[in-house]
Amino acid sequence: VTKLSLCRMNISRIESLNYVPNLVEINLSGNQIEAVTGLSELPKLRKLILTSNKVKKLDMHNFRGLSSLEQIYLQDNEIGSIDEFAALSQVSTLKALYLKNIDGSQKCPVCDHPSYRTGITRNLPRLEILDGE
């Protein structure tokens, strides 16, 4: 199994993914997930989709071991602070981060911060795409 879609299944925690270590893409959109955990045993993961969950914080310990992660989709979550994105600075392969759609819809509260784009790119200087731009 390299792709897994578990959308709108009322999932509140990410767990037991050690049984699918070859995952390249996981879609957990539309669930009740509050914390990004349980991913450290997925070294091949390139695309993480967590759109429309309840994520508020990002902890750097939970991103260790994600040596292939290139894209993270976090639109329509509850992240309100730019400081949360320092946790992603250790993901050297990260190229794209989505916190809102290109049309401005499904935005996280952090997107309303006046220096949102500058703050994110300062924390993630290797980022090539932010919100599709």
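This is a predicted model: local features need pLDDT of at least 70, side-chain atom pairs count only at pLDDT 80 or more; totals for chains, interfaces and linings use all residues.
Me: In what order do the six strands of the open sheet lie, and which are the edge strands?
Reply: Strands of a sheet pair through backbone hydrogen bonds, either parallel or antiparallel. Here the pairing is parallel, and the order is 1-2-3-4-5-6. Each edge strand pairs on one side only. The edge strands are strand 1 (3–5) and strand 6 (129–130).

Me: Where does cysteine 7 lie, and what separates its C-alpha atom from that of leucine 50?
Reply: Cysteine 7 lies in the loop between strand 1 and strand 2. Leaving aside neighbours within four places in sequence, cysteine 7 is in contact with Asn27, Ser29 and Asn31. Cysteine 7 and leucine 50 are 43 residues apart along the chain. Their C-alpha atoms are separated by 9.1 Å.

Me: Is threonine 51 buried or exposed?
Reply: Threonine 51 lies in the loop between strand 3 and strand 4 (71–73). Not counting residues up to four places away in sequence, threonine 51 touches Leu28, Ser29, Gly30, Tyr73, Gln75, Asn77 and Gln106. Buried means under 20% relative accessible area. At 11%, threonine 51 is therefore buried.

Me: Which side chain makes a polar contact with the side chain of threonine 51?
Reply: Among the residues that threonine 51 touches are Tyr73, Gln75 and Gln106. The polar contact is 2.9 Å, side chain to side chain. The partner is glutamine 75.

Me: What is the phi of serine 52, and what is the phi of aspartate 76?
Reply: Most residues other than glycine have a negative phi, and most peptide bonds are trans. Serine 52 lies in the loop between strand 3 and strand 4, and aspartate 76 lies in the loop between strand 4 and strand 5 (96–98). Neither is a glycine, yet phi is positive in both. The values are about 60° for serine 52 and about 55° for aspartate 76.

Me: How many aromatic pairs does a search of the whole structure find, and what is the angle between the planes?
Reply: The search finds one aromatic pair. Tyrosine 73 and tyrosine 98 form this pair, at 4.5 Å centre to centre. Planes under 30 degrees apart count as stacked. The pair is stacked, with an angle between the planes of 5°.

Me: Why does the pair of tyrosine 73 and tyrosine 98 tie together parts that are apart in sequence?
Reply: Tyrosine 73 is buried, with a relative accessible area of 16%. Tyrosine 98 also counts as buried, at 16% relative accessibility. Tyrosine 73 lies in strand 4 and tyrosine 98 in strand 5, so the pair ties together parts separated in sequence by 25 residues.

Me: Which polar contact joins the side chains of glutamine 106 and serine 52, and how long is it?
Reply: Glutamine 106 lies in the loop between strand 5 and helix 1, and counts as partly exposed at 34% relative accessibility. Glutamine 106 and serine 52 are 54 residues apart in sequence, but 7.9 Å apart in space, C-alpha to C-alpha. The side-chain polar contact between them is 3.4 Å.

Me: Which side chain does the side chain of asparagine 101 make a polar contact with?
Reply: Asparagine 101 lies in the loop between strand 5 and helix 1. Leaving aside neighbours within four places in sequence, asparagine 101 is in contact with Gln75 and Gln106. The polar contact is 2.9 Å. The partner is glutamine 106.

Me: Which residues of the largest nonpolar core touch the most other members?
Reply: In soluble globular proteins, nonpolar side chains tend to be buried together. The largest nonpolar core here has 38 residues. Leucine 99, one of those asked for, has contacts that include Leu74, Phe85, Val110 and Ile120. The residues are Leu58, Phe85, Leu97 and Leu99.

Me: Where do the buried residues of helix 1 pack?
Reply: In helix 1 (residues 116–123), Tyr116, Gly119 and Ile120 are buried. Seen down the axis, they fall within an arc of 95°, so they line one face of the helix. They pack against strand 5 and strand 6.

Technical notes
Residues are numbered from 1 along each chain as its sequence is written. Side-chain values use heavy atoms; hydrogens and water are left out. Two strands pair if DSSP finds at least two bridges between them. Helices (H or I, at least four residues) and strands (E, at least two) are DSSP runs, numbered from the N terminus. Buried means under 20% relative accessible area, exposed over 50%, partly exposed in between (1.4 Å probe, protein chains only). A polar contact is a pair of N or O atoms within 3.5 Å; within protein, one must be able to donate a hydrogen and the other to accept it, and residues adjacent in sequence count only if both atoms are side-chain atoms. Contact means heavy atoms within 4.5 Å. A nonpolar core is a set of buried Ala, Val, Leu, Ile, Met, Phe, Trp, Tyr and Cys residues joined through side-chain atoms within 4.5 Å. The arc is that of the directions from the helix axis to the C-beta atoms. Rings of Phe, Tyr and Trp (its six-membered ring) pair if their centres lie within 6.5 Å; planes under 30 degrees apart count as stacked, over 60 as edge-to-face and the rest as tilted.
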